[in-house]
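Here are my notes on this model, in numbered points. Please read them with the structure open.

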Amino acid sequence: MSAEFDATAVFNDSMQQEINMSTHAAQSTFSSSQTTFRRKAANRVQALVRGGGSMYAAVYSVRFLVNACLKSMDRWLVAMEQKRSLAEPWCISAQRWTATENKQQWNTYDWSQRGEEWTKSEQWKAEVISRFLEPYMPQQGVLLEIGPGGGRWTEVLQRRAKTLYVVDVSEKAIQLCKDRFADCSNMVFKLGNGSTIDLTDASIDAVWSYDVFVHITPVDVRTYFRELRRILKRGGRAVIHHAGAPLAGGRERAGWRSDLTVQMVLRFANENGLRLLDQTQDLVNAGDYLSIFEKSEDA
Ligand SMILES: C[S@@+](CC[C@H](N)C(=O)[O-])C[C@H]1O[C@@H](n2cnc3c(N)ncnc32)[C@H](O)[C@@H]1O
């Protein structure tokens with residue numbers, strides 16, 4: 001028996017021991033959480049019977065189970081919608097991250113840091129500007145920002161633009177921008193409905209939207225892409241930061257991300273003659289994308 005063989009055997013033995021130990025640890029964690037769950041469920045049922053009687057407890061329990069089934073059916077349906085890039089008003093995904101939910105979320109948000117709480121560092125912000133904003137938002141262009149929030153990118157866009165339109169679904173965000181840029185005569189503020197844009201056809205050179213499409217429901221993103229085709233001039237550009245890879249089983253992503261996928265975005269762009277110039281996962285949160293489109297000459 002060689003020394004090398006012995007060493008391998010010892011290594012294998014200790015690996016097996018570790019696997020056994022961690023399997024055992026995982027099993028005991030699982031069974032202890034199952035015991036806690038069972039104990040809690042039993043306590044709840046006893047409280048229901050004591051408080052409302054056995055019929056009340058029975059109907060209450062059935063209701064709980066039906067709700068759990070509905071939630072898991074929704075997750076399955078959303079996963080199928082994501083797989084097939086479906087974005088229709090009747091989709092389950094259309095009921096989540098709606099314009100109404102966004103309005104509520106951002107009208108009650110504490111904007112005291114003007115969105116700089118999402119800035120990873122000054123260097124990060126400078127890089128986003130030099131790589132994605134400056135090359136595509138032309139100096140003295142007619143620009144549009146969708147979802148300016150507290151004006152984190154707006155101040156840079158405003159200095160470059162001949163005219164800068166900003167559209168946001170939140171009254172609070174629009175008011176913040178009006179106050180912050182009160183002295184800027186080249187700005188126009190618009191309260192939006194969350195999917196259409198009140199601007200004339202072929203009037204815009206470039207569109208900027210960072211940290212906004214990550215929160216918008218797919219059916220509204222689809223409408224926005226139709227609007228991009230309509231309002232952009234030929235050769236006009238759009239820089240859009242959006243949610244990307246779905247989680248398995250239709251589970252919700254962290255960071256209040258909508259059900260939008262990168263395949264849906266590519267489909268919407270394709271439907272509207274918007275050519276993908278570049279797409280990256282640099283300088284955005286994990287799982288997100290930043291895509292740059294150009295309106296083709298024949299769109
Ligand atoms: C996370 S904040 C980002 C703000 C800013 N873009 C930034 O990066 O600091 C999201 C902004 O998008 C706006 N928003 C959300 N859904 C929108 C929609 N469907 N249309 C236009 N704006 C929307 C919100 O009101 C909010 O101002």
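Which residue in β3 is the bridge partner of Val166?

1. Start with that pair. Val166 has Phe189 as its bridge partner in β3. The pairing of β2 with β3 is parallel and covers five bridges. Keep in mind that this is a predicted model.

2. Now the whole sheet. Seven strands form an open sheet with mixed pairing, in the order β3-β2-β1-β4-β5-β7-β6. The edges are β3 (187-191) and β6 (274-280). Each edge strand has a single partner, so one of its sides lacks a neighbour in the sheet. On average, neighbouring strands are turned by 15 degrees against each other, direction ignored.

3. Two helices deserve a look against this sheet. Helix α6, residues 171-180, lies across β2 and β3. Its direction runs at about 165 degrees to β3. Helix α7, residues 218-231, also packs on the sheet. The strands that α7 touches are β4 (204-209), β5 (232-243), β6 and β7 (288-295). Relative to β5, the direction of α7 makes about 155 degrees.

4. Next, how α7 meets its partner helix. The axes of α7 and α8 (residues 262-271) come within 9 Å and cross at roughly 30 degrees. That angle is under 35 degrees, so α7 counts as roughly parallel to α8. The crossing of the two helices is right-handed.

5. Which residues make the contact between α7 and α8? From α7 come Pro218, Val221, Arg222 and Phe225. From α8 come Met264, Phe268 and Ala269. By class, this contact has six nonpolar residues, one charged and no polar.

6. Last, the ligand. There are 25 residues around the ligand, and those that come nearest are Trp106, Gly115, Gly147, Gly149 and Ser170. Two elements give two or more residues to this shell: α3 (99-107) and β2 (163-168). The most comes from α3, with three residues. The shell divides into twelve nonpolar, nine polar and four charged residues.

7. One link to check on screen.

Definitions and conventions: Residues are numbered from 1 along each chain as its sequence is written. This is a predicted model: local features need pLDDT of at least 70, side-chain atom pairs count only at pLDDT 80 or more; totals for chains, interfaces and linings use all residues. A residue is near a molecule or strand if its C-beta atom, placed from the backbone, lies within 6 Å of it. Helices (H or I, at least four residues) and strands (E, at least two) are DSSP runs, numbered from the N terminus. Ala, Val, Leu, Ile, Met, Phe, Trp, Tyr, Cys and Pro count as nonpolar, Asp, Glu, Lys and Arg as charged, and the others, Gly among them, as polar. Two strands pair if DSSP finds at least two bridges between them. Axes are lines fitted to C-alpha atoms, for helices over the stretch in contact, and angles run from 0 to 180 degrees between N-to-C directions. Two residues are in contact if their C-beta atoms, placed from the backbone, lie within 7 Å. Angles under 35 degrees count as roughly parallel, over 145 as roughly antiparallel, 65 to 115 as roughly perpendicular and the rest as oblique. A crossing is left-handed if the near helix is turned anticlockwise from the far one by less than a right angle, and right-handed if clockwise.
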